[in-house]
Amino acid sequence: MSKSKSSSDNYLKSPDLLPIKYENRNIGMLGFGVIWVGMAIVLAAFAIGAGGIINLSMPMLILATLVGSVLIGIFMVIIGDIGVEHGLSFPVYMRAPFGTIGTHLPSFARAFTASCWFGINTYFGAAAINGILNILIGFDNWFVCFIVFAGLQLLNVSLGIKSIERFADFAAPIIIFISIWMYLQLSAEAKEQGKAVWSWVEAPQTGFEQFTAFMVIATAIMGFWATLAADMPTLSRHFKAPKYERNWFKRNKTQLLGSLIVQPVFNTLMVVIGAVCYMATGSGDPINALQQAAGGFVLVMLLSMIVLAQWSTNTSANVIPAATIFSNIGGPKVPFWVGVVIAGIVGTVVQPWSLFDILNSVLLVIGGILSSIVGILFADYYLLRKRRVNVKELYEINGQYRYLKGVNLAGLIAWIIGGLIANIWPAYSSLIGFFVGAAIYFVLAKFWWFKKYPQAEIVNPSDEDYLGITTGRSWTIDVEAEPISVPSTVSTE
């Protein structure tokens, strides 16, 4: 009998990691915009606003937030084209600049960070749920609320991307309305204390110190969203896009609305509310602020907004990317829903309730590490491959992207050096990480690594062979059993 090798033996071909076909992409501009409303309204942004208003006036704080938001939004759209063009998720495309095995280290850094964010946001939501139950029935156990809230979110994600979009449709208008109410209520509280919202600063800075404070806020915003910028393809592969469209802007119009308009607007709204929260209560903790500013039914409604906001953010920005990466690392034995569970476990074990106080400092470090990955992806996809990808080889164990025992040393070296250099100047870490990572990778890959390991799409830059939706192609990966040839000298009986 002839021997055969089943597709399950190829861990690169997990069903959850295969390219999304054109006909299965179901999120349009409005849908992504609504998802962004839920993602951007996240309580960790309160901490950035509360920290920023200590040294910057409200207009300067808003400007710094907008600068950081637009810059990271540009990174998101640029990298998101990988998902739009080829239907690929972040961990799968990472096999190109890092290798089929090397992808796991930087991908895990992203998944671990996303899981920590899941835990932090779940803690905020659980505290709000606990406050609601305390008002209504006298229940007081935030940890039980944490476990239940985490379970509900993980179940929501396990039901798929359409379930997440439906939840965002429900939550977004409520979140917008209550966010505006929060701003009005807290700013009124600040005015009663004699603090002019648009001019008050606790410890104003001037000159270079003020510029540094400005950049810390902008970079913290970038660090906050650097996780999503790196693996935007995991979301964008579900976006509707026109076939045969060579205009980059038209092809990515779904992304442009969400990441460059909705995200900066609502990100800034959250930072502003965090700032007035600090003015009114001396704390960046929104739950504490709301409990001081309101009571009864009004407080229940405001706390409900916090629950919805954390839920909406976690499902799209944290659990989906983390679960996809864990599934990539584990192969077919770790389907997407198991990756979801792993993300939940990690997000709980790190004890997120102890992370909030050091959030801004952590964001600067994360920004440098992850923006270095964004720079490498940019150099690999745009500068070297010119958007052409030998997609089928991404799923082959001994294919083009195996490199040296599964590792692309150019990618790993660029990531390590980029991350280290970025964190020498933490106030600028996200920008430094991007440019240093991109530059080092480009030089190492073009003049060293790809000389040793030629890349088909670079050697033969054929649009018809290596572009996706631009040429009307939906990539299909063969997962059927493939016969293994048997030498003629070996008996097959």
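Predicted model: local features only at pLDDT ≥ 70, side-chain atom pairs only at ≥ 80, totals over all residues.

Guide: A charge sits over a ring if NZ of Lys or CZ of Arg is within 6 Å of the ring centre and within 35 degrees of the ring normal. Lys243 meets that test with Tyr22: Lys243 lies over the ring face, 4.7 Å from the centre.

Now ring against ring. A pair of aromatic rings is described by the distance of the centres and the angle of the planes. Searching the whole structure gives 25 aromatic pairs. One of them joins Tyr93 and Tyr381, edge-to-face, with 5.8 Å between centres and 90 degrees between planes. Tyr93 belongs to helix α4 (residues 90–93) and Tyr381 to helix α16 (residues 359–384), so this pair ties together parts that lie 288 residues apart in sequence. Buried means under 20% relative accessible area. Tyr93 has 1% relative accessibility, so Tyr93 counts as buried. Tyr381 is buried as well, with a relative accessible area of 1%.

Trp448 and Trp449 make another edge-to-face pair: 4.9 Å centre to centre, with 65 degrees between the planes. Trp449 is buried, at 1%.

Step back to the cluster. Tyr93 and Tyr381 belong to one aromatic cluster with Phe75, Phe378, Tyr382, Phe434 and Phe435. Phe434 is also among the buried residues of helix α18.

That helix deserves a look. Helix α18 covers residues 429–452, 24 residues in total. From first C-alpha to last, α18 reaches 32 Å, close to the 34 Å expected at 1.5 Å a residue. Where does α18 bend? The bend is at Ala445, by about 50 degrees. Ala445 is buried. Other buried residues in α18 include Ile432, Val436, Tyr441, Trp449 and Phe450.

Tyr441 leads on to the core. The largest nonpolar core holds 139 residues. Within this core, Tyr441 is among the residues that touch the most other members, alongside Trp36, Met39, Met58 and Trp225. Which helix gives this core its largest share? Helix α14 (residues 296–330) does, with 17 residues.

Notes
Residues numbered from 1 in each chain as written. Heavy atoms only, no water. Helix = DSSP H or I, 4+ residues; strand = E, 2+ residues; numbered from the N terminus. Expected span 1.5 Å × (residues − 1). Bend = angle between axes of the 7 residues up to and from the residue. Buried < 20%, exposed > 50% of the residue type's maximum accessible area, 1.4 Å probe, protein only. Core = buried A, V, L, I, M, F, W, Y, C linked by side-chain atoms within 4.5 Å. Phe/Tyr/Trp six-rings, centres within 6.5 Å; stacked < 30°, edge-to-face > 60°.
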